[in-house]
Amino acid sequence: MAKVQVLNVAVLDNPSPFGNPFQFEITFECMEDLPEDLEWKIIYVGSAESEEYDQTLDSVLVGPVPAGRHMFVFQADAPNTGLIPESDAVGVTVALITCTYRGQEFIRIGYYVNNEYTDPELRENPPVKPDYTQLQRNILASNPRVTRFHINWEGCAEKMEDSENVDPAPNSAGSSSGMLPPSSCLPGKALPVGLLPDNSMDFL
Amino acid sequence: MKLLKPSWVGHNGKPIFSVDIHPDGTKFATGGQGEDSGKVVIWNMTPVLREEAEKNEATPKMLCQMDNHLACVNCVRWSNNGQYLASGGDDKLVMVWKRATFIGPSTVFGSSSKLANVEQWRCVTILRNHTGDVMDVAWSPHDVWLASCSVDNTVVVWNARKFPEIVTSLRGHTGLVKGLTWDPVGKYIASQADDHSLKVWRTMDWQQETNITKPFNECGGTTHVLRLSWSPDGQYLVSAHAMNNSGPTAQIIERDGWKTNMDFVGHRKAVTVVKFNPKIFKKKQKNGSSPKPSCPYCCCAVGSKDRSLSVWLTSLKRPLVVIHDLFDKSIMDISWTLNGLGILVCSMDGTVAYLDFSQDELGDPLNEDEKNAIHHNIYGKSLAITTEAQLSTTIIENPEMLKYQQERQREELARQSLPREAQAHKLTSVVNGESLEDIRKNLLKKQVETRTADGRRRITPLCIAQLDTGDFSPALFNSVPILPGSVTQLPSQLSSDSNTATSLGLRHSQEPMSTPAGGKSQDDAKDGVSSGLAQANSTALKSNLLLTASTKMEPMKALDSRFTERSKATPGASISSMAGLVPLDSTLKESKPKEETSSDSEDKMTVARSLSFKRKPHDPDGGDNQVEKRKKGRPRKSDQKMMTPGSGPPLQQVTRATTLFARTAARAMSTWWAILFYCYVSMEPPVYLEVENEFSTVSGAKLSQLRCSREGREWDTLLPSRVISAAGSSDIVAVACVDRMLSVFSACGRRLLPAILLPGPMSTLHCSGFYVMALTACATLSVWDVQKQSALVRNESLQTILSGTECTVTQSLLTQQGVPVISLSSGKSYCFNFSLETWNLIADKQDLLVQCADFRNCLSSQDTAVSHGPLAVMQGRCLNAGRLASRLSSTPHSLQQGMTLAFLENQLASALILRSSVEYRYWLLIYARFLVNEGSDYRLRELCKDLLGPVHKSASSAWEPTTLGLRKRDLLKELLPVIGQNLRFQRLFTEYQDQLELLRGK
């Protein structure tokens, strides 16, 4: 049983210009006092093609965490545009919030992110070289994809049992079960855009 | 019989492994597979029972879903009282859920369904012990125990009153244990496993009663579960999957001799679940039939892998009904409604079916009384009440008891009837008077962000609510929140009690130069530098903060004790104290040679120790500061003279001394170069002493002057030698001189005694009321009662408490009752009892008992924590720390219980010997609550007996009607409601209630 339950993530400052920092207001509940800090990360998936373009925007430690309900705002700078393949700058990608305890990831919250030009002109004829100043980032806040992993809350990572870590009902990518395969796959792998579930793309 | 398959009950098509109907019949729980976790769902029963409710959109169907299990949930079971739900799953865990009343509707974050949870069920305990999947859980009758069985071949019995305490682990099965059932009278528990055996265990000693293997020899381990069941009359135990002549059966095992002669036959595949109807039935009396009473019988439902369900009456040879093809897959669990007329059945195919019977079909259910009568007939009264008694059916024998019980119920009701929404609103939207919206707006700005040593960002999350069930109480309703692990909370906790204590510190740091005001220091204000002193003066005038009596304190401790002293000091009876210090030169001169010689002789150790004791003022935080401060504050007297002994301490601590001044001012201010010093006796009314050494020189002899200002009236007197320390109380003033003379004056300056010659130079001097306490440099202690002109303690050597350890005296005080208390650097504090003539240990910071005692649930919200009183001063905050530590440690309950008991008895005895009546009463109530909670009959009885005393007066009785000025019978009167809270003690309650009543009549 996970000692930490994420109760809510509110996406602040959304939609916003591409260069604005990401802001997530995270509410979580902890069942027992945690002797160690939680580590939260925001990962921006630069390209669906390869995780090589994933950027960890920032990571913070959160603590001390006594039993109870807590909230904090996790703010991280916008992605480094230099690391994003030009072809992937506009369109749908993914931002991930992960939380680890004692080096073990126990929750992964994925959001679809749509980057598009606000100017209809640019939208019609996007420049070859993306103009990030004109891009608007829209996080699909209403549809987070949450994947939880079983970790060993008492000890360290090595006692993990793989069998329990596997999704009991394995799904092909894109099903409603989880945004991403469990941690047996390398983190940060995004879904091919074509496989996105229909309901998640309301705003497209 | 009606049959219904509510299509809306399901886990999105995933298997449902378990179903259980709440005892009140309004809801039911299902457990099984969720999307990527185990799932427990609580459903509304009404739409199952009534079609119009099902069609009404406004009627919620799903009440709550919990995705907390990490893997498939195999079993869900409500406790018999309906308060808890236990669930066990493939994640090896048993979780116990309780309804949270303070939190409004919420969704499971990230779940696809947008339905809010109508009810909030929160996991209150996670029971971790199994090393394999948990297959079945079962609550014992009266919810005394919870048993769980697992594929790790064990059955674990948990103490349901003290989760997660394990009562026992039943070992003996050599295969996966897949089913459990309790004997309805609580004498046995039975388990069935894949090892082809069914075992019955006694609850008396948790040993195996019998092992039944024969009917299971042919069985293969082919079923997911083996849910066996015990009949409500206790006479029959029916197993799941058994074999008889190669055919699957449900074996009937008779309680009498564990005979296995009968079985339920007919299913084509293995029986997975057997469930007895909770009711015992008797035949429906038909009009015209003979009124011959029929034998009561039971009813049992059997579910099988063959997807069919059969319902049997023990009075019939054939099943009442068999339903085939109800499901697409194996039946997994069955639950009867409490009225015995409905059953819910769940299946691996993810659906649930409901069967509704009529009384015509099943018969007339016996009511509870008739059922109990059957139990009594078969098992006798004693057995029927072996377990914790059926409290609900226990007769309340006395109207007073009834009154208390009813009051309690009313309170409970009142609490529950508070509008849920309002409570939820309060909690979720307001934290410390700030709405959640406000908090959210500013959260980013307000949250504390730091950098760790390696440069990483670290955010301290904002705690918006504490958990509200189990041990936790909602933060807002608890004036002193216990935040485990956050020692940083302690200061603020303190300050919430005594804002004066913090305002002192704050004011000093924030406005150290503010215009000083108040009494004597006005003329000094012009000096500017005196602000610290004056500040202390003005602040302290209000807050009486200088009444502390310590020679050396850490800041925290200082706040603590200052507060405590303050609250104790009522006008007119204020304590005062003044720790005088031995002149440094004499100390050094006297003790240096001794120190050199004492290294080899054991008997001189005390001297060496008293040396270190005297040296305390050398610490930068200690006396030197005041000296410096003194110099700053009153520079008019020979600055040079004070500076000349340049070997003295440096001046660098001045600023610190300013902030520390209030704390230190009460302490001694005399070292040998101190020419002028004063000390406060009390702040309300303002009383202070001023001593000016070398006031005037008459024919070569130097005279000292003692001035006292009491409520604006001043007196002064002359002393022939240098004063080294002075102290006063509301009644007397005492001064010690360098020539080992102690003089005592009345409040108006009259000399009360000729000078007393002390055996050694004065080290610490305290006054309290008419008591004077003198601690001399040769480590002896004396206490006199000036009013009665008698000695309470006569030159008692400190060797007893100092010997064998390398410790020094860190703090001393004299209580209002004249009890001297001394704490040592080892963390131990002693008081000297003059009637026993013994040193008694009253506090020990290293005491394991303090650290492990857990009596939080015995604290009443009405009692404010006593932080006033000598016991609290001496024990200080280690008490709190102990309470925190206990939450984190995982001591076995019985051990912790013992430690808590021992600790509480220590506290009670210490309060008694310190003659601190407030503390005595406080700890007595906690102790009584603890005894009541733990059911310690003998101790409680003895306590009551002692408090009541003899009812009839007899000359021989040595019983004192009062203790520490508290009337014992009044104390007993206070204890009775506490005792009345536990029905088990109703006899005790009645007994003493009556006797008190009788005595009042006299």
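Q: Why is Lys178(B) called buried?
A: In this predicted model, its relative accessibility is 6%. Buried means under 20%, so Lys178(B) qualifies.

Q: What makes Asp194(B) buried rather than partly exposed?
A: Its relative accessibility is 19%. The cut-off is under 20%, so Asp194(B) counts as buried.

Q: How do you know that Asp194(B) and Lys178(B) form a salt bridge?
A: Their closest N and O atoms are 2.7 Å apart. A salt bridge needs a side-chain nitrogen of Lys or Arg within 4 Å of a carboxyl oxygen of Asp or Glu, so the pair meets the criterion. The bridge links distant parts of the chain, 16 residues apart. Lys178(B) is in strand E14 of chain B, while Asp194(B) is in the loop between strands E15 and E16 of chain B.

Q: Why is the contact of Arg50(B) with Glu52(B) called a salt bridge?
A: The N to O distance is 3.1 Å. The limit is within 4 Å, so the pair counts.

Q: Is Arg50(B) buried, exposed or partly exposed, and what decides the class?
A: Its relative accessible area is 43%. Buried is under 20% and exposed is over 50%, so Arg50(B) falls in between, as partly exposed.

Q: What makes Arg707(B) and Glu690(B) a salt bridge?
A: Their closest N and O atoms are 2.8 Å apart. With a limit of within 4 Å, the pair therefore passes. This bridge too links distant parts of the chain: Arg707(B) belongs to strand E39 and Glu690(B) to strand E38 of chain B, 17 residues apart. Both residues are buried.

Q: Which residues are linked in a network of salt bridges?
A: The network links Arg77(B), Asp136(B), Arg227(B) and Asp333(B). Across all chains, the whole structure has 34 salt bridges.

Q: Why is Ile252(B) called buried?
A: Its relative accessible area is 10%. That is under 20%, so the label holds. Ile252(B) lies in strand E20 (residues 247-254) of chain B.

Q: What is in contact with Ile252(B), leaving aside neighbours within four places in sequence?
A: Its contacts include Tyr236(B), Leu237(B), Val238(B), Met262(B) and Phe264(B). Contact requires heavy atoms within 4.5 Å. Ser239(B) is 13 residues from Ile252(B) in sequence, and their C-alpha atoms are 6.6 Å apart.

Q: Why do E1(B) and E29(B) count as paired strands?
A: They share three bridges in the antiparallel sense. Pairing takes at least two bridges, so the two strands qualify. Leu3(B) has Leu355(B) in E29(B) as its bridge partner.

Q: What makes E1 and E27 of chain B edge strands?
A: The sheet is open, with four antiparallel strands in the order E1-E29-E28-E27. E1 (2-4) and E27 (331-336) each have a single partner strand, so one side of each lacks a neighbour in the sheet. Neighbouring strands are turned by 20 degrees against each other on average, direction ignored.

Q: Which residues have the most contacts inside the largest nonpolar core?
A: They are Leu781(B), Leu798(B), Ile822(B), Trp923(B) and Ile979(B), in a core of 66 residues. Helix H22 (residues 917-934) of chain B gives the largest share, eleven residues. A second, separate core has 44 residues, including Phe18(A), Phe28(A), Tyr132(A) and Val146(A).

How values were computed: Residues numbered from 1 in each chain as written. Chains lettered and ligands numbered in written order. Predicted model: local features only at pLDDT ≥ 70, side-chain atom pairs only at ≥ 80, totals over all residues. Heavy atoms only, no water. Axes fitted to C-alpha atoms, helices over the stretch in contact; angles between N-to-C directions. Core = buried A, V, L, I, M, F, W, Y, C linked by side-chain atoms within 4.5 Å. Buried < 20%, exposed > 50% of the residue type's maximum accessible area, 1.4 Å probe, protein only.
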